[in-house]
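Q: I have a structure open and want to go through it piece by piece. Can you take my questions as they come?

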Amino acid sequence: LQNVCSKLFKISPDETLSIVQDLYEKKLVTYPRTDARVLSTAVAKEIYKNISGLRNYPQAGEAAQGALELGAYKNIAKTRSTNDKQITDHYAIIPTGQGLGALKGLSLTAQRVYETIVRRFLSIFYPPAVYQKVSLVTKMENESFFSSFKVLLSEGYLKIAANSFAKKSMAEASGKTPESEGEGEVSCDEALLAALQKLKKGDILNINGLGIKEGETSPPKRYNSGSMILAMENAGQLIEDEDLRSQIKGSGIGTSATRAEILKKLFNIRYLSLNKKTQVITPTLQGEMIYDVVNCSIRQLLNPELTASWEKGLTYVAEGSITEQEYMDKLEHFVRIRTKQVEDSHFQYALRQFFDAAAQLYKKPERETAMKKRQNTL
């Protein structure tokens, strides 16, 4: 939700959490501080009440009525949308179908966040969108040319996924549409699709012309605040050790309740910079220098394996394999040894090369401020 709201409304994860917390306190949605994306079996049995209440919601009342008429809610407990094993403390954020009168007193952004939640929720009670795809391989002498075409045969959930205030659907905002799945595909009408489907292997086609399209490779996309949250959540995927990777699978760095606060703190202490208009996040020169200092002194702190190993230790404590005191002794030993290691090091002069390389990318005032901070840190 934080990722989607960052794209749709250009608001930070912290602002999204604040808005959804307000929606929760007004009994419009369920508890927001959760990583779960599924329902519990108990909730699935009563989900009819949530959908029924949404019939009184003007922006999606017809969609709610349609969900009831389709009847998919009756079997939702047997689908992948319901899984008690994937729930730790709370199930996914869903609308309660109650408290609709409180919407009038909310900001426009809050109302739109609520509609976004409602439409994503109702979408699971509609059938999937169905596309017909055709892949074409054309050969000319020794060269092969590959083309892909598709046409939407059945809208399914897409007909109710689009928010009333935007052309983009909720699914498009979260990057989960079929359009994003097939790179190089071209949407076509039914007439062209019918013509393509008549082709048989070995058919000879007339070529009207050939051309070369000039292009350049694109640099990686920059993080916005929403995608940064996802990167923190999925940090465990970078771990090579299978046991440690599974240890923080689904949790990553921080929790759903703390990730937004972690980013907020990094902005406040000027390690990261946030463009509030675009929500794009970039490092500051000071942030880069802090990274270089840590990388030269305690490189382990930059590796998610360290988080995973301490999480694994906590699991052992919970299981009774080790005592709480044993865990704390190991943690204190780690801190003491690494602190001594930094105190005894003399790498400050070597850091100059990193500063000079990074400083070229920043304006002079920021270079001077970062240099003073670096000296104070060292």
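A: What follows is a run of questions and answers on a predicted model.

Q: Start with strands. How many bridges join β1 to β2, and which way do the two run?
A: There are 11 bridges between β1, residues 130-140, and β2, residues 143-154. The two strands run antiparallel.

Q: What do β1 and β2 form, and how many residues sit between them?
A: They form a hairpin with two residues between the strands. In the turn, Glu 141 has a positive phi of about 55°.

Q: Which residues face each other across it? Take Thr 138 and Gln 132.
A: The bridge partner of Thr 138 is Phe 145 in β2. Gln 132 stands opposite Val 151, also in β2.

Q: Which surface patch does Phe 145 belong to?
A: A nonpolar one, formed by Met 140, Phe 145, Leu 205, Ile 207 and Leu 210. Together they have about 480 Å² of accessible area.

Q: Where is Ile 207, then?
A: Ile 207 is in the loop between α10 (190-197) and α11 (225-233). Its relative accessible area is 46%, so Ile 207 counts as partly exposed.

Q: Switching to helices. Which residues of α13 are buried?
A: In α13, residues 259-268, the buried ones are Arg 259, Ala 260, Leu 263 and Phe 267.

Q: Why do they line one face?
A: Because, seen down the axis of α13, the buried residues fall within an arc of 105°. As a general point, an α-helix has 3.6 residues a turn, so residues three or four places apart point the same way.

Q: What's on the other side of α13?
A: Lys 265 and Asn 268, which are exposed there.

Q: An arginine on the buried face. How buried is Arg 259?
A: Its relative accessible area is 2%; the cut-off for buried is under 20%, so Arg 259 falls in that class.

Q: What does Arg 259 pair with?
A: Arg 259 forms a salt bridge with Asp 35, the closest N and O atoms being 3.3 Å apart. The pair links distant parts of the chain, 224 residues apart. Asp 35 is in the loop between α2 (13-25) and α3 (41-45), while Arg 259 is in helix α13.

Q: How far is Arg 259 from Glu 233?
A: Their C-alpha atoms are separated by 8.3 Å, and the two residues are 26 residues apart along the chain.

Q: How many salt bridges does the count come to?
A: The count comes to seven salt bridges. Among them is one between Lys 49 and Glu 46, at 2.9 Å, N to O. Another joins Lys 340 and Asp 344, with the closest N and O atoms 2.6 Å apart.

Q: How accessible are Lys 49 and Glu 46?
A: Lys 49 counts as exposed, at 56% relative accessibility. Glu 46 is partly exposed, with a relative accessible area of 40%.

Q: And Lys 340 with Asp 344?
A: Lys 340 is partly exposed, at 45%, and Asp 344 is partly exposed too, at 44%.

Q: Last one, α14. What span does it reach, and what is expected?
A: Helix α14 has 13 residues, 285-297, and reaches 18 Å from its first C-alpha to its last. That is close to the 18 Å expected at 1.5 Å a residue.

Q: Which of its residues are buried?
A: The buried residues of α14 are Leu 285, Gln 286, Gly 287, Met 289, Asp 292, Val 293 and Ser 297.

Methods
Residues numbered from 1 in each chain as written. Predicted model: local features only at pLDDT ≥ 70, side-chain atom pairs only at ≥ 80, totals over all residues. Heavy atoms only, no water. Patch = residues over 30% accessible without salt bridge, like charges linked within 9 Å, V, L, I, M, F, W, Y side chains within 5 Å. Areas by Shrake-Rupley, 256 points an atom, 1.4 Å probe, with all protein chains shown as cover. Salt bridge = Lys/Arg side-chain N within 4 Å of Asp/Glu carboxyl O. Helix = DSSP H or I, 4+ residues; strand = E, 2+ residues; numbered from the N terminus. Buried < 20%, exposed > 50% of the residue type's maximum accessible area, 1.4 Å probe, protein only. Expected span 1.5 Å × (residues − 1). Pairing = 2+ DSSP bridges. Arc of directions from axis to C-beta.
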